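I opened the model today and went through it piece by piece. These are my entries, in the order I made them.

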Amino acid sequence: MTYKNDYLMDTYDFLDLTLVKGEGCYLYDSNGNKYLDFTSGIGVSSLGYGDKKLCKDLNAQISKLIHSSNIFKNETLLEVSKLLVEISEMSKVFFSNSGAESNEGAIKLARKYSFLNYGYGRNKVLSLKQSFHGRTMLTLRATGQEKFHKYFFPFPEGFDYVERNNIEDFKNKVDDSVCAILLESIQGEGGVNPLTEEFVTFISNYCEEKDILMIFDEVQTGIGRTGKLFGFQYFNVRPDIITLAKGLGAGLPIGAVLCNEKLSNVFQKGDHGSTFGGNILSLTGAKVVLERMKEDDFLPSVVEKGEVLYEALKNFYSELVIGVRGRGLMIGVEVKMPAKIVQQKALEKGLLVLTAGENVIRLLPPLVISKEEILKGVNILKKSIIEIGG
Ligand SMILES: Cc1ncc(COP(=O)(O)O)c(C=O)c1O
């Protein structure tokens, strides 16, 4: 079937699949076919589909009030702010609608802090090569991949890119003009590439000494995806700013910028804002997610299931697979064949997976997936790889 598209801008490379319903960790297409989901809507639907509490609370909120705007007080906003600030051990939060917006807000916050404390000329943001931080002009610029720096000139200034896990390169790039460094603890879109402890610790110590702000982009790795609330918690560091989106709303569009005490009064009235940011419906979703994260066994179960996923894949057929990496339920399988072809083959066999670059299959199943479902999915994935490569 060709997907007839006369009206939509041609920005997405759609798979030939129309999803109409979800249940648990399964999705159904318009022909009634059932698929095991290892995508979570690109790391979004972490509670799977049809979570009872989520549906109940959202339905109740829809009938009461969907949106009221930020000119009025909003109890849900205060409640979720408290919940998120406490669970993250940060100081304050600003709510946006997406990952790019969260990073945009974080960079504004860092630059204002630096200006207030050091004046003009200290506004450069370092990020990493192969990173991904969003699609706005500022976050495209922050993204350390050349392919995103075409066509849309002029881009905002004040960025430079450090090679992942290369301390020498960091030392070469950092100077008195740098106000912040932006890091993903595991690069998601860039190929599921984890940072090393040595690299992160060095940067953290350096930044602390020079009052350079450390921003962790936890848009993909955050909210339980890696088995801890945030991916950076695998290192012994404390960021100044954390950005969130994706899994925070379990499908509702929401993003957040969290800051520590040092930055808590930098944004003043009028410095930042958003019509939809902090809207009641998305916050209702976030509240359900955050309460779930606080349950004693939730995050440990993600760690356990992550191990099941990793173990099931790690020694798989080295002639076809280069390596398996990641943490928790964020795993990349680098294959010796085009990842897109594997994705298509798996789809035909009833498993939905993501890709990250040319050769990496990215697995981001809902965090509520069972071990049996993980093994079932891995089986399909292995068969798909073997059929293509073997
Ligand atoms: C680490 C990271 N940051 C930012 C973004 C951008 O998020 P959004 O698409 O919600 O703007 C993404 C999206 O994939 C991401 O993975």
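**Entry 1: Ser185**

I looked up Ser185 and found it buried, at 0% relative accessibility. Buried means under 20% relative accessible area, exposed means over 50%, and partly exposed is in between (1.4 Å probe, protein chains only). Before going on, I noted that this is a predicted model: local features need pLDDT of at least 70, side-chain atom pairs count only at pLDDT 80 or more, and totals for chains, interfaces and linings use all residues. I also noted that residues are numbered from 1 along each chain as its sequence is written, and that side-chain values use heavy atoms, with hydrogens and water left out.

I placed Ser185 in the loop between strand E7 (178-183) and strand E8 (186-187). Helices (H or I, at least four residues) and strands (E, at least two) are DSSP runs, numbered from the N terminus. Which residues does Ser185 touch, not counting residues up to four places away in sequence? I listed Asn193, Pro194, Leu195, Phe216, Glu218, Thr221, Gly231, Phe232 and Phe235. A contact here means heavy atoms within 4.5 Å.

**Entry 2: the loop between E10 and E11**

I checked Asp240 next. It is found in the loop between strand E10 (213-217) and strand E11 (241-244). Is Asp240 buried or exposed? Its relative accessible area is 9%, so Asp240 counts as buried. I found that Asp240 touches Met90, Ile212, Leu213, Met214, Leu258, Cys259, Asn260, Lys262 and Leu263, leaving out residues up to four places away in sequence. Leu213 is 27 residues from Asp240 along the chain, and their C-alpha atoms are separated by 5.8 Å.

Ile223 lies in the loop between E10 and E11 too. I read its phi as near 55 degrees, a positive value in a residue other than glycine. Ile223 is buried, at 2% relative accessibility.

**Entry 3: other backbone points**

I looked at Ser69, in the loop between helix H2 (52-64) and helix H3 (75-88). Ser69 is not a glycine, yet its phi is positive, about 90 degrees. With a relative accessible area of 24%, Ser69 is partly exposed.

Then I checked a peptide bond. The one from Phe153 to Pro154 is cis, with omega near -5 degrees. I found Pro154 in the loop between helix H5 (137-142) and strand E6 (159-162).

**Entry 4: the mixed sheet**

I traced an open sheet of four strands, in the order E1-E2-E3-E15, with mixed pairing. Strand E1 (19-23) and strand E15 (351-352) each have a single partner strand, so one side of each is left without a neighbour in the sheet. Two strands pair if DSSP finds at least two bridges between them.

Strand E2 (residues 26-29) and E3 pair in the antiparallel sense over three bridges. Leu27 stands opposite Tyr35 in E3. E2 and E3 form a hairpin with four residues between them. In the turn, Gly32 has a positive phi of about 85 degrees.

In which sense do strand E3 (residues 34-37) and E15 pair? I found them parallel, over two bridges. The bridge partner of Asp37 in E15 is Leu352.

**Entry 5: the antiparallel sheet**

I traced another open sheet of four strands, E13-E14-E17-E16 in order, with antiparallel pairing. Its edge strands are strand E13 (321-327) and strand E16 (354-355), each pairing on one side only. Two bridges join E16 to strand E17 (residues 360-363), and they run antiparallel. Thr355 has Ile361 as its bridge partner in E17.

**Entry 6: the whole chain**

I finished with totals. The protein chain has eleven helices and 17 strands. Of its 390 residues, 53% are buried. Its radius of gyration is 21 Å, which agrees with the value near 21 Å for a compact globule of 390 residues. This radius is taken over C-alpha atoms, and the globule rule is 2.2 Å times the number of residues to the power 0.38. Along the principal axes, the C-alpha atoms fill a box of roughly 60 × 55 × 50 Å.

I also noted the contacts: among those between residues at least 6 apart in sequence, 71% join residues at least 24 apart.
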